[in-house]
Amino acid sequence: MRMSTLATLYPQHLAELHRRTEQALARGGFDHLVVPSGTSHYQVFDDRDYPYAVNPQFKAWLPLTRAPGSWLVATPGQKPKLIFLQPFDYWHVVPSAPSGYWAEHFDIVVIRKPDEALQHLPANAARCAIVGEPQSALGAFVPDNPAPVVNYLEYHRAYKTPYEIAMMREATRRGVRAHRAAEHAFRAGASEFGIHLVYCQAAGQDANDLPYNNIIALNEHGAVLHYTDRDLAPPSPVRSFLIDAGAAHHGYACDITRTYALDRGSEFQAMVDAVDAAQLKMCDQVRAGTDYKQIHIDAHLALAGILKDFGVIRVSPEAALATGVSSAFFPHGIGHGIGLQVHDVAGFAASDSGGTIAKPEGHPYLRLTRVLEPGMVVTIEPGLYFIDMLLDEVKANGHADSVDWARVEAFKPFGGIRIEDDVACTDGAPANLTREGFDAAA
């Protein structure tokens, strides 16, 4: 992305953050928003650090993801202040001095020791909304995460600025490149662990840089929704490959899932193609005014229709949904919000003052229940899986006759199918960031 584009988009993004912050502070009765970047801390009974993860409220303001011990201070009507820890340290790489398209928009103070931040924070901690994790406490500046402030900021984080969409497109480009490399490694006979290494190499990011732990699943392992064991040797024979893996850019995430059959002419690949076609129709539902819960329910009906077409179930899609049979094959939600976090915050928020929009009865794993509006970015990830414990519940609940168990046995060695795209809601047709990325890389 051209620096001139970022130089144009970023000030607009910053202006929106200022507007939100002013409103949030007014809700809570505070004068300043104080955001620690987070700290490194040791594992219990050890001298090893836990992997550092930057405070999402911090990286919302600036593209710094490796700046532990730093602080942001935002005060209405004033230029935001960055208190940047650049320690004297010969054991580790010291963070580079702040620079780039964003730096001119901050008053930047460089400190050498964490305690020096106290000299530059507001005089009265009681007048500050301090948003962060407990380990970031410094003197009187103890993160208290006041609900009126956090509720407002998190609710409005669902609405991405053009700058944020640009960051997510960059993350997607990186993720698509790595997905293509992973598929090539799969077809070349690599193991799960080998595919993972190829993915990281192509993404240019290791496990701590990626936005979540890669799911690299061959054959039956595709039926484990969050499979991360990664066998060192490929199974024999290899039948299928499910990969759920993302990438990050300046703190923003992409989340992409694809499923492949080794035999492109197999019946399992035909089922993958059917799920892919249905998923595209679901992505087209990401429009302003659409209740995300309805997309989830419609996904159950569409997936049950595929199961019926392939002879896996004997009942209508409506009956499969009503009896819970569809949930045995599609046990998770249709997706979630995404942005600074893979599972972005405030998915159930009724308003920017708080409250909760309930999940549909019988669908406990849906992560988003809001009505879609322009600026929101969500994932659409339908799936079909052959999971013994869930299929046993179908039998136990008296619905065994709804399923052709011989067909289940035929598909079980392939594990499952999941297709996932990141889709932005606009004033018109949705923008499928993931498909755009794959098309551009073709």
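Ala, Val, Leu, Ile, Met, Phe, Trp, Tyr, Cys and Pro count here as nonpolar, Asp, Glu, Lys and Arg as charged, and the others, Gly among them, as polar. On that basis, the lining of the largest cavity has seven nonpolar, one polar and five charged residues. The model examined is a predicted one.

Rolling a probe the size of a water molecule over the atoms shows where empty space is left. The count comes to two cavities of 30 Å³ or more. The largest cavity holds about 100 Å³ of space. Its lining consists of 13 residues, and the closest to the centre are A158, K160, G337, L368 and V377.

The second largest cavity has a volume of about 80 Å³. Its lining is made up of L17, R20, T21, L33, Q57, A60, W61, L153 and R157. Helix α1, residues 3-28, gives the most to this lining, with three residues. By class, the lining of the second largest cavity divides into five nonpolar, two polar and two charged residues.

Pockets, unlike cavities, are open sets of points. The second largest pocket contains about 990 Å³ of space. A total of 48 residues line this pocket. Nearest its centre lie L225, F330, P331, H332 and Y365. Helices α7, α8, α9 and α10 each supply at least two residues of the lining. Helix α10 (388-396) provides the largest share, five residues. The lining of the second largest pocket has 20 nonpolar, 17 polar and 11 charged residues.

At its N-terminal end, α7 is capped by D291. A side-chain oxygen of D291 lies 2.9 Å from the backbone nitrogen of K293. Just after the helix, G311 takes a positive phi of about 75 degrees.

Buried residues in α7 include Y292, K293, I295, H296, I297 and A299. Further along the helix, H300, L303, A304, G305, I306 and L307 are also buried. An α-helix has 3.6 residues a turn, so residues three or four places apart point the same way.

Technical notes: Residues numbered from 1 in each chain as written. Predicted model: local features only at pLDDT ≥ 70, side-chain atom pairs only at ≥ 80, totals over all residues. Heavy atoms only, no water. Buried < 20%, exposed > 50% of the residue type's maximum accessible area, 1.4 Å probe, protein only. Helix = DSSP H or I, 4+ residues; strand = E, 2+ residues; numbered from the N terminus. Polar contact = N/O pair within 3.5 Å; in protein donor to acceptor, adjacent residues only side chain to side chain. 1 Å grid on protein atoms, 1.4 Å probe; cavity = no way out; pocket = protein on both sides within 12 Å on 5 of 7 lines; lining within 4 Å. Points joined across faces, edges and corners; volume = space filled by probe spheres on them.
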